[in-house]
Structures are given as C-alpha cells and as structure tokens.
Amino acid sequence: MPYATAETIYDTRYSEWKQQRYQLGMEVGLTESWRVEPYLEMRVDRLSEPARVYALGLALKYFR
C-alpha cells in the first residue's frame with residue numbers, strides 16, 4: 001500500500017513554522033503479522049545547516 005505524508009512543525013521558541021517533513025513510502029505485507037515499510041523522507045529546516053536533508057528508511061512492523 002503506497003502512501004505520502006506532509007507535516008509542518010511550529011516552534012514556540014521562535015514563534016514560527018520551523019520545519020517541514022515530506023515522506024513517500026509503501027507498506028508491504030510479508031506475512032499476516034509482519035510488514036516492511038521502505039520510505040524516502042525530505043526534511044526542510046530553515047534554522048539548521050544543512051537546511052535540507054534527504055533520508056532513506058526501512059521500518060519493520062509486527063502486528064498481533
């Protein structure tokens with residue numbers, strides 16, 4: 001099952017919208033209880049250096 005998410009984070013220390021996160025991925029069922037989720041994420045943070053970070057991730061999920 002493919003998915004896309006977007007998130008904006010407000011930082012009360014600076015009273016501004018500080019960070020955005022964008023994620024594309026998919027959840028793949030291995031068995032009835034196990035799933036694997038590969039994803040690509042981009043973070044944009046105006047107050048950090050580097051301001052833009054790209055990451056590949058892999059999550060392993062277990063359900064009862």
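Modeller: Let me begin with aromatic pairs: the rings of Phe, Tyr and Trp (for Trp, its six-membered ring) pair if their centres lie within 6.5 Å, and planes under 30 degrees apart count as stacked, over 60 as edge-to-face and the rest as tilted. A search of the whole structure finds two aromatic pairs. This is a predicted model, in which local features need pLDDT of at least 70 and side-chain atom pairs count only at pLDDT 80 or more, while totals for chains, interfaces and linings use all residues. Residues are numbered from 1 along each chain as its sequence is written, and side-chain values use heavy atoms, with hydrogens and water left out.

Biologist: What makes the pair of Tyr 10 and Trp 17 edge-to-face?

Modeller: The ring centres of Tyr 10 and Trp 17 are 5.0 Å apart, and their planes stand at 65°, so the pair is edge-to-face.

Biologist: Why is the pair of Trp 34 and Tyr 62 called tilted?

Modeller: Here the centres are 4.9 Å apart and the planes of Trp 34 and Tyr 62 are at 50°, so this pair is tilted. The pair links distant parts of the chain, since Trp 34 lies in strand S4 (residues 34-45) and Tyr 62 in strand S5 (residues 52-62), 28 residues apart; strands (E, at least two residues) are DSSP runs, numbered from the N terminus.

Biologist: Why does Trp 17 count as exposed?

Modeller: Buried means under 20% relative accessible area, exposed over 50%, and partly exposed in between, with a 1.4 Å probe and protein chains only. Trp 17 has 52% relative accessibility and therefore counts as exposed, whereas Tyr 10, at 39%, counts as partly exposed.

Biologist: Why is Gln 19 called buried?

Modeller: Gln 19, which lies in strand S2 (residues 16-26), has a relative accessible area of 12%, so Gln 19 is buried.

Biologist: Which side chains does a polar contact join to that of Gln 19?

Modeller: A polar contact is a pair of N or O atoms within 3.5 Å; within protein, one must be able to donate a hydrogen and the other to accept it, and residues adjacent in sequence count only if both atoms are side-chain atoms. The side chain of Gln 19 has such a contact with that of Arg 21 at 2.9 Å, and another with that of Asp 45 at 3.2 Å.

How values were computed: Helix = DSSP H or I, 4+ residues; strand = E, 2+ residues; numbered from the N terminus.
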